[in-house]
Amino acid sequence: IGGSFIPKKKGLLRLCRRGRARAGQGGHAYLQEWLWWAGLLCMGIGEAANFAAYAFAPATLVTPLGALSVLVSAVLSSVFLNEQLNVHGKIGCILSILGSTVMVIHAPQEEEVSSLESMAEKLKDPGFIVFAVCVLVSSLLLIFVAGPRYGQSNVLVYVLVCSAIGSLSVSCVKGLGIALKELFSGKPVLKEPLGWVLLVCLVICISVQINYLNKALDIFNTSVVTPIYYVLFTTAVMTCSAILFKEWQHMVLDNIIGTVSGFLTIVSGIFLLHAFRDMPFTPDLLPLFL
């Protein structure tokens, strides 16, 4: 997934040099660029592996490992896109990996969901319904109100859309994973309407994510978009999973502290990677920094 940002960004840059309508301005000329499709294929392979992981493990355990994609994307961007990665960025990458490790060690266990019927009951939970409505309303406001005004100058606008919708797509992936398990065990899953509804919702969510992620990548540096997207997406997924699967309900205190500390360590690393990306650092500046 981290590597997929590079060909997509290079494809968008090629279109910009040709004078084609940019994705950040609402253009979709990238659909005719083979480099962009190569990046999408790489992302598809990575997301397929994510799909398998979400089917067998809690989302709060799987999602933090996405910090590795931030590391890969930052390193490859400095090599292939000539985007700067100074010592602050390298320290930020290390902190992201350490934070992910701590989160994985202390990750919560989700409530067992073994059938589409139990998944349907969880989707009817009032807490999840309120969360989903808030996500959809805020996304619509970002797309139609904040986007035209601030989308070209503020990286958070389009990335927030991707992250918020992404939390719902993870829920769809979890449900489809359960459906595939039942299908392979011989149950008549294809006759269940919930499976098809989840599939349609997943396609819509992924389409929205791809569209607005392309807008963000076209306007801002990959080294900026990727880490911010990771932090916001992880936060949204953890919130959604906590509401839908009650992952935090039976956690002991040390695991709660470990999970929160690991996540804050990741956020600190991402902040270093993003905030000081344009600041030069040489040994003679060390006394000044100290």
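Residues count as buried under 20% relative accessible area, as exposed over 50%, and as partly exposed in between, with a 1.4 Å probe and protein chains only. The model is predicted: local features need pLDDT of at least 70, side-chain atom pairs count only at pLDDT 80 or more, and totals for chains, interfaces and linings use all residues. Numbering runs from 1 along each chain as its sequence is written, and side-chain values use heavy atoms, with hydrogens and water left out.

The chain has 12 helices and zero strands. Helices (H or I, at least four residues) and strands (E, at least two) are DSSP runs, numbered from the N terminus. Of the 290 residues in the chain, 48% are buried. A contact is a pair of heavy atoms within 4.5 Å. Among contacts in the chain with a separation of 6 or more, 81% join residues 24 or more positions apart.

S4 lies in the segment before α1 (5-17). S4 counts as buried because its relative accessible area is 1%. A polar atom of the S4 side chain lies 2.6 Å from the backbone oxygen of I1. A polar contact is a pair of N or O atoms within 3.5 Å; within protein, one must be able to donate a hydrogen and the other to accept it, and residues adjacent in sequence count only if both atoms are side-chain atoms. With residues up to four places away in sequence not counted, S4 touches G39, C42 and M43.

Helix α2 spans residues 34-56, and its axis comes within 7 Å of the α1 axis, at a crossing angle of roughly 160°. Axes are lines fitted to C-alpha atoms, for helices over the stretch in contact; angles run from 0 to 180 degrees between N-to-C directions. Angles under 35 degrees count as roughly parallel, over 145 as roughly antiparallel, 65 to 115 as roughly perpendicular, and the rest as oblique. Helices α1 and α2 are therefore roughly antiparallel to each other. On the α1 side, F5, P7, K8, K10, G11, L12 and R14 take part; they meet W34, L35, W36, A38, G39, L40 and M43 in α2. By class, this contact of α1 with α2 has nine nonpolar, two polar and three charged residues. Here Ala, Val, Leu, Ile, Met, Phe, Trp, Tyr, Cys and Pro count as nonpolar, Asp, Glu, Lys and Arg as charged, and the others, Gly among them, as polar.

Helix α2 also packs against helix α8 (residues 155-184), at an angle of about 75° and with the axes 8 Å apart. The pair α2 and α8 is therefore roughly perpendicular. From α2, residues F51, Y54, A55 and F56 meet V170, V173, K174, L176, G177, L180 and K181 of α8. Eight nonpolar, one polar and two charged residues make up the contact of α2 with α8. A52 is also placed in α2. A52 counts as partly exposed because its relative accessibility is 38%. Its C-alpha atom is separated by 9.0 Å from that of V173, 121 residues apart along the chain.

V200 is found in helix α9 (residues 193-219). V200 is partly exposed, at 49% relative accessible area. S241 lies in helix α10 (residues 222-245). S241 is buried, at 2%. Not counting residues up to four places away in sequence, S241 touches A59, T60, K246 and E247.
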